[in-house]
Amino acid sequence: MSDDDERANILIVDDLPEKVLVYRSILEDLGQNLVIAGSGEEALRLVLRHEFAVILLDVQMPGIDGFETAGLIRKRRRSAHTPIIFITAFADEMRQAEGYAQGAVDYILTPVVPEVLRAKVRVFVDLFRMAQQVRRQAEERIALAEERTKRSAAEEANRRLSFLAGAAAVLGQSLDVAVTARDVARLAVPFLADAAAIALREPPHGAGGATLARADGRGVRVEDLRDTGPLPAGLRNALSHALSGSSGSRSESELILALPLRARGRTLAVLGLSREESGREFGPVDLATAEALASRAAIALDNARLHREVQHADRQKNEFLSMLAHELRNPLAPIRNAVEVMRLRQVPPELAWVRDVIDRQIRQLTRLVDDLLDVSRITRGKIELRTEPIDLGAVVTHALEASRPFVEAKGHRLAVAVPREPVHVIGDPARLAQVLTNLLNNAAKYTEEGGQIWLTLRTEAPEAILSVRDTGIGIPPDMLKAVFDLFIQVEQAIDRAQGGLGVGLTLVKRLVELHGGRVEARSAGPGTGSEFVIGLPMMQGAAVRIADFRDGQMATAPASLRVLVVDDNVDAAESLGKLLELEGHEVRRAHDGPTALATADVFRPDVIVLDLGMPGMDGFEVARRIRDRDEGGPLLVALTG
Ligand code: ADP
C-alpha cells in the first residue's frame with residue numbers, strides 16, 4: 001500500500017472477520033485500497049502511518065471500543081479531520097458520536113445495506129480525491145514559485161560573483177595607490193551604492209583627503225578631494241567615525257555603510273558607501289558583497305604600497321650604484337695617468353710587464369665602472385642623446401675600431417657586410433657605436449677562441465637592421481629576454497675570466513629604445529651561437545646633411561703649451577701633470593679654486609684642465625671668473641667623474 005497511489009485508502013476496523021469479509025465484498029467495486037484493522041489499537045497504528053479517505057469503525061469491539069478509538073484518531077494531527085463512519089446496531093448511540101464531530105462523521109446501521117454503505121463511502125472517497133487534487137495543484141504551484149525564487153536568487157548570486165570577479169580584475173591592474181583608490185570608489189557605484197568615498201590613511205590622502213565617486217546623469221564621476229568637506233554629510237560622518245577608531249564594518253544607518261580596508265593587520269583606508277539618494281537599504285547580501293569588495297580592495301592597496309616601497313628601495317639602490325660608480329671612477333684616472341707616464345719613460349723589462357698588467361686591468365675596471373654609471377644614469381632618466389642625422393655605416397666603422405683588438409686577441413674571424421649606400425638614421429653616433437661595441441665584445445667574449453663573428457647592416461624599410469652573430473656558446477631559450485635585464489647573466493660553462501656585471505645588454509637595450517628602436521636576442525640554444533638584432537627607424541626623406549666624422553687625425557697644435565691642471569685630488573693632478581710634461585708641455589698644478597685663479601694670473605696658461613667637483617669654489621665658478629677677466633682667455637677643459 002502506498003500513499004502516492006492513485007487510489008484512496010479506506011480503513012475498515014472490525015474485530016469480526018466475517019463482517020470484514022462482507023464490507024470487503026461490498027466496497028471492492030469502488031476500486032480503492034481496502035485496509036483492515038482487527039482492533040482499535042491496530043487502527044491507531046495504521047492512521048499514524050497512512051492517510052485515509054475514510055474510516056469505517058465498528059462501535060462494539062473488545063479492548064478500546066469504536067468511540068474511544070475515534071477520540072484518539074481525532075487527537076492525532078494527521079487524522080484529526082479524516083471522515084469516520086460508525087457501524088452500529090443502535091441509532092441512538094450516535095448522539096455520542098457528535099463529540100467527535102471535528103471531522104465529518106456519519107453512521108450506518110447493521111445489518112448493512114450494501115448500496116447505502118457503498119454510496120456513503122464513495123462520497124467521502126470523492127471528497128478526499130478532490131481535496132488531494134487541490135492540494136497537489138497547490139503544492140505544484142508552491143514548488144514552481146520556489147523554483148522561480150531559487151532561480152532569481154541564483155541569478156543575483158551570479159551578478160554578485162561576476163561583479164566581484166570584475167572588481168578583482170580591475171584592482172589587479174594598477175600598482176599605484178591613488179589609481180587603486182579611484183578604482184575602488186568607481187567600482188562601488190552604482191552596483192553597491194549611489195555614492196562611495198574612500199579615505200586613505202597615507203598619502204596621497206593622508207589625514208583629511210578622500211576620493212569620491214558618484215553617479216551623475218551620464219555615468220560615474222570620480223574626484224580626488226583635499227579634505228572631506230565636499231562629501232555628502234552622511235558619508236563624511238561615516239568616514240570620520242571609522243577613521244577615528246573602531247574596527248569592523250558598521251552601518252551608520254540602513255543607508256550608509258563604513259568598511260575598514262585591512263591588510264596584514266593594518267587599516268589602510270576606510271570605504272564609505274551611501275544609498276541615501278535612492279533609499280535602497282543595505283541587506284545582509286549587500287553587506288557580504290561590500291565586505292568582499294573591501295577585502296579585495298585592501299589587498300590591492302597593500303600591493304600598491306609594497307610596490308611603492310620596492311620602488312623606493314630600487315631608487316635608493318640606483319642612487320647608491322651611481323654614487324659608487326662616481327667614487328670608483330675618481331681614483332681610476334690618476335692610476336691610468338701613472339701607467340701612461342711609465343709608458344713614456346724607459347722602464348726595465350720586468351717592470352714593463354707589471355705596467356702592462358696594471359694597464360689591462362685598469363682599462364677593464366674603467367669599462368665596468370663606465371657601464372655602471374651609464375646604467376644608473378639611464379634608470380634615472382639622466383642620459384640625453386645628442387642626436388643628428390648619421391650614416392650607420394660610419395657607426396659600424398667606429399665600433400669596429402674599438403672592438404677589433406679584443407676580437408683579434410681571441411683569434412676570431414670577423415666578417416663585416418655593409419651596403420654601399422649610406423643608411424641614414426637620426427641618432428647619437430657615440431652611443432650607437434657604444435651599443436655595437438658592447439655586442440661585438442660580448443660575441444668575442446662568449447665564443448670559444450677561433451670562432452666566427454658576423455656584423456651586418458641592411459635595410460628593411462622602415463627599419464635599418466644591425467646584426468651581430470657569433471658561433472659561440474649560445475643562449476637557452478628561456479634566457480633570451482632575460483639577458484637584457486640588469487645584472488642578469490646566463491650560468492656559464494665557459495670560465496668567467498672576462499668577468500662582467502651583467503649591465504652591458506641592459507645598456508644596449510635602453511640606448512636602442514632611447515633611439516626609438518628595438519633589440520632582440522636569438523639563439524637556437526646552448527652551443528649553437530647567438531645573434532643580436534637591432535632595428536632602428538630609418539630617416540625619412542633624401543635630403544639630409546650627414547655629420548662628417550673626423551678621420552682620426554689630431555688637430556695640429558704647437559708642440560709645447562702652458563697647461564694649468566686644477567684638481568683637488570692631488571694624485572690626479574700630479575699624474576696628469578707628469579703625463580703632460582712628458583709630452584713636452586709646461587705644467588703648473590693647483591688643488592683649489594682660489595689658488596687656480598692666482599696661478600692663472602701669473603702663469604698665463606694656454607690651457608686650463610679644470611676639475612668641476614671641488615670643495616669650496618668649484619670648477620664652474622673658477623671658469624666663470626677666468627672668462628670674466630679675459631675674453632679671449634685660455635682654452636678650458638672640464639674634468640669630471
Ligand atoms: P656581462 O657580459 O657583463 O655578463 P651583459 O649584459 O653584456 O653582461 O650580458 C648578459 C649575459 O648575457 C651574459 O652574462 C651572458 O650570459 C649572455 N650573453 C650576452 N651576449 C652573449 C652572446 N653573444 N652569446 C652568449 N651569451 C651571451
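Guide: In this predicted model, helix H9, which covers residues 349–379, is the largest contributor to a nonpolar surface patch, giving four residues. The patch has an area of about 420 Å² and is made by Ile335, Leu351, Trp353, Val354 and Ile358. Take Leu351, which lies in helix H9. Its relative accessible area is 38%. Because buried means under 20% and exposed means over 50%, Leu351 counts as partly exposed. The value is also over the 30% that a patch residue needs.

Now to the strands. Strand S21, residues 607–611, is mostly covered, with five of its five residues buried. Both of its faces are covered. On one side are Val607, Val609 and Asp611, and on the other are Ile608 and Leu610. S21 also has partners. Strand S19, residues 562–566, runs parallel to S21 and is joined to it by four bridges. In this pair, Val566 stands opposite Leu610 of S21. Strand S22, residues 635–639, likewise runs parallel to S21, and five bridges join the two. Here Val609 stands opposite Val637 in S22.

As a general point, strands of a sheet pair through backbone hydrogen bonds, and the pairing can be parallel or antiparallel.

Another sheet is open and has five strands with mixed pairing, in the order S13-S15-S16-S18-S17. Strand S13 (413–417) and strand S17 (518–522) are at its edges, and each has a single partner strand, so one side of each has no neighbour in the sheet. On average, neighbouring strands of this sheet are turned by 15° against each other, direction ignored.

Within this sheet, look at strand S16, residues 463–470, and strand S18, residues 531–537. These two run antiparallel and are joined by seven bridges.

Helix H11, residues 429–445, lies across S13, strand S15 (452–460), S16 and S18. Helix H11 runs at about 25° to S16.

Terms used
Residues are numbered from 1 along each chain as its sequence is written. This is a predicted model: local features need pLDDT of at least 70, side-chain atom pairs count only at pLDDT 80 or more; totals for chains, interfaces and linings use all residues. Side-chain values use heavy atoms; hydrogens and water are left out. Two strands pair if DSSP finds at least two bridges between them. Axes are lines fitted to C-alpha atoms, for helices over the stretch in contact, and angles run from 0 to 180 degrees between N-to-C directions. Contact means heavy atoms within 4.5 Å. Patches are made of residues with over 30% relative accessible area and no salt bridge: like charges are joined within 9 Å, nonpolar side chains (Val, Leu, Ile, Met, Phe, Trp, Tyr) within 5 Å. Accessible areas come from the Shrake-Rupley method with a 1.4 Å probe; for residues, only the protein chains shown count as cover. A salt bridge is a side-chain nitrogen of Lys or Arg within 4 Å of a carboxyl oxygen of Asp or Glu. Buried means under 20% relative accessible area, exposed over 50%, partly exposed in between (1.4 Å probe, protein chains only).
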